[in-house]
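Have the model open beside you as you read.

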Amino acid sequence: MSKDECKQVVLDIIAEIAPDEELSDVKPDVALREQLDLDSMDFLDIVMELRKKHGIEVPEPEYGELVSLDSCAEYLTPKFNALV
Amino acid sequence: MEVSRVVITGVGLTAPNGNSLSEYRENLLNGIAGISRTEIRYMGEVLAGICDFDPLRYQKRKEVRVGTRAGSVSIYCAREALKSSGVDFESMDKNRIGIYVGITEHGNVETENEIHNISQFDYDTKFWTHHHNPRTVANNPAGEASLNLKVTGPAYTIGAACAAGNLGLVHAVQMLQLGEVDYAIAGGVSESIHTFGIFAGFKSQGALAEHEDPNKASRPFDAARNGIVVSEGGALFTLERLDDALARGAKIYGEIVGYHVNSDATDYVLPNPERQTQCMRAALKKAKMAPQEIHIVNTHATATPMGDIQECQAIVQVFEDCPDTYVNNTKGFIGHAMGAAGALEMAGNLPSFEDRMVHPSINVDELDPKCSIPNLVLNQPTQAKRVDAILNNSFGMLGINSALIVRRFSDQ
């Protein structure tokens with residue numbers, strides 16, 4: 001999985017948990033919570049969907065790695081690739 | 001003790017046969033029911049009263065996803081009630097608004113869904129949603145309405161089995177009279193058709209209705225009745241002290257002049273007509289009214305074999321010499337809307353103050369002789385000489401009884 005593909009996976013999850021948000025111009029280097037109406041429960045939803053849909057575990061001390069699309073890709077892509 | 005008079009100034013509802021008071025009322029007068037077949041987990045096909053209101057009228061999609069069905073019902077009904085009350089909501093002091101929502105149960109739907117969810121993951125609880133607790137706390141349906149409306153006054157539910165719709169209103173009257181709030185949004189809601197447990201429980205009890213025609217399944221007082229049709233829905237009213245309502249020139253749908261709540265203390269599920277009689281009489285006493293002054297008694301009867309007979313016995317005791325008192329029932333149209341039942345059934349009768357029509361109990365092909373009581377309005381609406389007061393019965397499991405009396409508003 002490429003980092004761009006990983007970003008799309010995250011965006012697909014956000015599209016489900018925050019269906020009112022416009023996601024076409026999310027800036028990858030800006031914190032998601034600065035540009036989208038996401039709260040702490042939504043971030044827990046992202047963690048849960050990664051677990052349910054993709055078997056990816058994000059330990060609580062590492063939640064901060066999910067702050068932006070870029071940081072998500074940096075952190076999650078190796079995890080996805082390790083699954084294969 | 002002199003207490004403030006409390007009046008109804010707005011009505012918001014969703015029923016299986018209507019998403020506004022006017023649509024619902026029209027269907028009640030035209031004999032149009034709203035029961036259909038639906039699939040439910042583990043049970044397969046069941047009969048249910050399903051509402052088709054649009055939750056996105058007042059909620060964002062995320063709110064619908066995160067919240068509960070009962071929350072959506074509450075929000076829809078509360079917003080519709082506010083709209084119909086004509087109040088300038090934006091300028092109101094939100095600290096002085098109370099939301100009191102009657103529920104039969106809450107949390108079964110969400111708990112069953114989560115158990116089903118983790119069953120897909122070998123029952124590993126790390127897949128259990130973090131939304132579970134806010135969804136299942138007992139105050140959820142009222143709390144979601146407070147979030148949506150930004151109401152910062154008291155907002156909570158009243159758990160009272162199937163008497164809950166009446167009790168939401170009773171509690172609102174009390175809080176207004178105590179001066180705890182200046183404006184109340186109150187009634188009852190139900191999401192119970194989304195839990196298999198309610199259906200399975202009634203079926204195990206031998207109390208779940210079945211009929212080849214869904215709209216004929218709920219048939220209170222009919223000889224061939226065979227149980228309850230479970231429904232979802234809600235009705236919330238706006239209530240104000242009379243002086244406040246008059247000061248702002250509000251339309252007054254009726255005045256809550258009496259109520260009573262008591263308990264059978266005899267059985268988990270079987271009703272007790274003696275206590276029901278006491279309950280109605282105590283409500284009349286509080287209202288300072290004679291039985292003859294009540295022109296509609298809306299029954300709780302759910303179409304169970306014994307329950308309908310026992311309520312009829314109770315009504316005859318109280319209204320034995322009341323030639324102008326009509327008796328009806330709403331569940332033939334909408335099934336049993338559980339926590340919403342009392343509130344929806346009161347709402348369906350309120351327009352009688354204007355048109356003097358008494359909606360019927362439908363699906364009575366052969367009246368059970370044991371339910372044959374005077375002035376039971378069957379299958380066709382009746383034009384009453386006058387409708388000045390309505391008594392609404394709502395009873396529930398564990399023997400809770402309620403009777404609520406609403407009178408046509410008169411500035412006397």
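How many residues does the contact take from chain B and from chain A?

1. Eight residues come from chain B and eight residues from chain A, where two residues are in contact if their C-beta atoms, placed from the backbone, lie within 7 Å. On the chain B side that touches chain A, one residue is nonpolar, three are polar and four are charged. Here Ala, Val, Leu, Ile, Met, Phe, Trp, Tyr, Cys and Pro count as nonpolar, Asp, Glu, Lys and Arg as charged, and the others, Gly among them, as polar.

2. A word on conventions: this is a predicted model, in which local features need pLDDT of at least 70 and side-chain atom pairs count only at pLDDT 80 or more, while totals for chains, interfaces and linings use all residues. Residues are numbered from 1 along each chain as its sequence is written, and chains are lettered from A and ligands numbered from 1 in the order in which they are written.

3. Now to chain B as a whole, which has 14 helices and 15 strands (DSSP runs numbered from the N terminus: helices are H or I, at least four residues; strands are E, at least two). Its C-alpha trace spans about 65 × 55 × 40 Å along the principal axes. Of its 412 residues, 56% count as buried, meaning that 20 or more other C-beta atoms, placed from the backbone, lie within 10 Å of the residue's own.

4. In chain B, 57 residues of domain 1 are in contact with 52 residues of domain 2. On the domain 1 side, α7(B) gives the largest share, eight residues. By class, that side of domain 1 of chain B has 32 nonpolar, 19 polar and six charged residues.

5. Which residues of helix α11 (residues 305-318) of chain B are buried? They are B:G307, B:D308, B:E311, B:C312, B:A314, B:I315 and B:V318. Seen down the axis of α11(B), these buried residues fall within an arc of 165 degrees, so they line one face of the helix; the arc is that of the directions from the helix axis to the C-beta atoms. Their packing partners in chain B are α10 (273-287), β10 (296-298), β11 (326-328) and β14 (389-396).

Note on methods. Buried ≥ 20, exposed ≤ 12 C-beta atoms within 10 Å, placed from the backbone.
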